[in-house]
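Please walk through this protein with the explanation below.

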Amino acid sequence: MAEFSFPKTSRLLNAADYKAVFSDAQFKVSSRHFLVLARTNNRSGSRIGLVIAKKNVALALQRNRIKRQLRDTFRHSRALLDTLDLVVLARKDADKLDNSQLKDTIESLWQDLHTKMKRAAAKNQDDR
């Protein structure tokens, strides 16, 4: 069970961490409801930061539900995400998704991100 824990080392904790991802995003994936920005880090695992603005998701209950789902799918998909710093931004109407749709959307984004990372790694290998 410890493999699915969510320690502090799995979170972006300060403004500098977020700024690094915003200013140097190497990978971007999106859906109608979310945007994920990512960049590689030189740590032993992935870290995630969440930006769920009140402007886009008005109710605190819904913002918290979205954050719980994001963290849960991140914990279970950590192996796919290798060593990335991620920032997930919620777009308008993200709160309109029910839990199963939310989970499917997020898992799809993690898979798309994994595919982009693989392509970039293969391209870098070919360039050598």
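The largest nonpolar core holds 26 residues, and F34, L86, W110 and L113 have the most contacts inside it. Such a core is a set of buried Ala, Val, Leu, Ile, Met, Phe, Trp, Tyr and Cys residues joined through side-chain atoms within 4.5 Å; buried means under 20% relative accessible area, with a 1.4 Å probe and protein chains only. Two or more residues each come from β1 (27-30), β2 (34-40), β3 (47-51), α2, β4 (84-90) and α3 (99-127). Helices (H or I, at least four residues) and strands (E, at least two) are DSSP runs numbered from the N terminus. The most, six residues, come from α3. Another core, of five residues, lies apart from it and includes L12, V21, L37 and V87.

This is a predicted model, in which local features need pLDDT of at least 70 and side-chain atom pairs pLDDT 80 or more, while totals for chains, interfaces and linings use all residues. Residues are numbered from 1 along each chain as its sequence is written, and side-chain values use heavy atoms, leaving out hydrogens and water.

F74 in helix α2 and W110 in helix α3 are 36 residues apart, and both are buried. Their rings form an edge-to-face aromatic pair, 6.4 Å centre to centre with 70° between the planes; rings of Phe, Tyr and Trp (its six-membered ring) pair if their centres lie within 6.5 Å, and planes over 60 degrees apart count as edge-to-face, under 30 as stacked and the rest as tilted.

R65 also lies in helix α2 (residues 60-76).

Technical notes
Buried < 20%, exposed > 50% of the residue type's maximum accessible area, 1.4 Å probe, protein only.
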